[in-house]
Amino acid sequence: MQLVVGVAFNKNGRVYNFEVKERNFEINDEVIVSTEKGLQFGYVMTEVKEINTDDYSIPLKPVIRMADAKDKSTNTKNIKEAAKALEEAKKIAAELGLDMRLVDSNYTFDRKQLFFNFISDDRIDFRELAKRLAQIYKTRIELRQIGVRDEVKRIGGNGVCGRELCCCTFLSDFESVSIKMAKEQNIALNPSKISGNCGRLMCCLKYEQEAYSEKLARLPKIGAIVKTSS
């Protein structure tokens, strides 16, 4: 068994497990962790828990330390510098005529990599953009294409239920949602009623689908003749 804690690199981001040696971590603590990309500044999102190491094919990366005042200052500086880099990247992309919308950027804590997320309906050849950015910022550049769901998760907001969006609170992964689910749940197929802020089908259609599928498989069809013992 191994002690782990869930850490996200931004408050609405995906939560990853990291190894810890002690239980002295609380939710919302700020920490420095080791990743395959380098050191990262993160936020503790779960309580410390024990897991079976056999469930993981590769060893978990560790939490290096609790973030101190200097670490927090460095992170704030990185956020500001990444925002400036995003504006520069937008200018270069426009010059190159690339049909892409750059939405955010971030440095690793040690500034060994600079990431840019973008949205596009097509595949984009961004090699020249990456080359020019690397010449300017003297670090490794990585551009990642994301979907509209990921963008809304980063922006945040409230759903039609009046509560904060699920993707901004507890959903770390997006599962497939289909129009068939809405039909089986007898929901009116009105796009404005079954679409989320991202314009895609609402994630909550998935929550009760298993129960609906199980019941529909056992209950008689509409119009069927049913005989009972009474």
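## Polar contact at Q209

A polar contact is a pair of N or O atoms within 3.5 Å; within protein, one must be able to donate a hydrogen and the other to accept it, and residues adjacent in sequence count only if both atoms are side-chain atoms. The side chains of Q209 and E184 make such a contact, at 2.4 Å. This is a predicted model, in which local features need pLDDT of at least 70, side-chain atom pairs count only at pLDDT 80 or more, and totals for chains, interfaces and linings use all residues. Residues are numbered from 1 along each chain as its sequence is written, and side-chain values use heavy atoms, with hydrogens and water left out.

Q209 belongs to helix 6 (residues 209-218). Helices (H or I, at least four residues) and strands (E, at least two) are DSSP runs, numbered from the N terminus. Q209 has 9% relative accessibility, so it counts as buried. Buried means under 20% relative accessible area, exposed over 50%, and partly exposed in between (1.4 Å probe, protein chains only). Contact means heavy atoms within 4.5 Å. Leaving aside neighbours within four places in sequence, Q209 is in contact with M181, E184 and Q185.

## Overall form

The chain holds six helices and nine strands. Its radius of gyration is 23 Å, well over the 17 Å that the globule rule gives for 230 residues, so the chain is more spread out than a compact globule. The radius is taken over C-alpha atoms, and the rule is 2.2 Å times the number of residues to the power 0.38. Along its principal axes, the C-alpha trace spans about 80 × 50 × 35 Å.

Of the 230 residues, 36% count as buried. Take the contacts between residues at least 6 apart in sequence: 61% of them join residues at least 24 apart.

## Helix 1

Helix 1 covers residues 69-95, and its 27 residues should span 39 Å at 1.5 Å a residue; the end C-alpha atoms are 40 Å apart, which agrees. The expected span is 1.5 Å times one less than the number of residues. At the start of helix 1, a side-chain oxygen of D68 comes to within 3.1 Å of the backbone nitrogen of K70. After the helix comes G97, with a positive phi near 70 degrees.

Which residues of helix 1 are buried? They are D71, N75, N78, A82, A85, L86, A89, I92 and A93. An α-helix has 3.6 residues a turn, so residues three or four places apart point the same way. The cover over the buried residues of helix 1 includes strand 3 (30-35), strand 4 (38-44), strand 6 (63-66), strand 7 (101-107), strand 8 (113-119) and helix 2 (127-137).

## Aromatic rings

Rings of Phe, Tyr and Trp (its six-membered ring) pair if their centres lie within 6.5 Å; planes under 30 degrees apart count as stacked, over 60 as edge-to-face and the rest as tilted. The structure holds five aromatic pairs. One of them joins F41 and Y43 edge-to-face, at 5.6 Å centre to centre and with 75 degrees between the planes. F41 and Y43 are both buried. Ring pairs also link F9, Y16 and F18 into a cluster.

R111 lies over the face of Y107, at 4.1 Å from the ring centre. A charge sits over a ring if NZ of Lys or CZ of Arg is within 6 Å of the ring centre and within 35 degrees of the ring normal.

## Loop residues

C168 sits in the loop between helix 3 (148-155) and helix 4 (179-184). Is C168 buried or exposed? At 6% relative accessibility, C168 counts as buried. Residues up to four places away in sequence aside, C168 touches N12, V152, K153, G156 and G157. C168 and E47 are 121 residues apart along the chain, and their C-alpha atoms are separated by 19 Å.

Most residues other than glycine have a negative phi. K138 is not a glycine, yet has a positive phi of about 55 degrees. K138 lies in the loop between helix 2 and strand 9 (140-145) and counts as exposed, at 69% relative accessibility. N186, also a residue other than glycine, has a positive phi near 60 degrees. The loop between helix 4 and helix 5 (191-194) holds N186, which is exposed with a relative accessible area of 73%. P59 is in the loop between strand 5 (49-51) and strand 6, and is exposed with a relative accessible area of 73%. The C-alpha atoms of P59 and V48, 11 residues apart along the chain, are separated by 17 Å.
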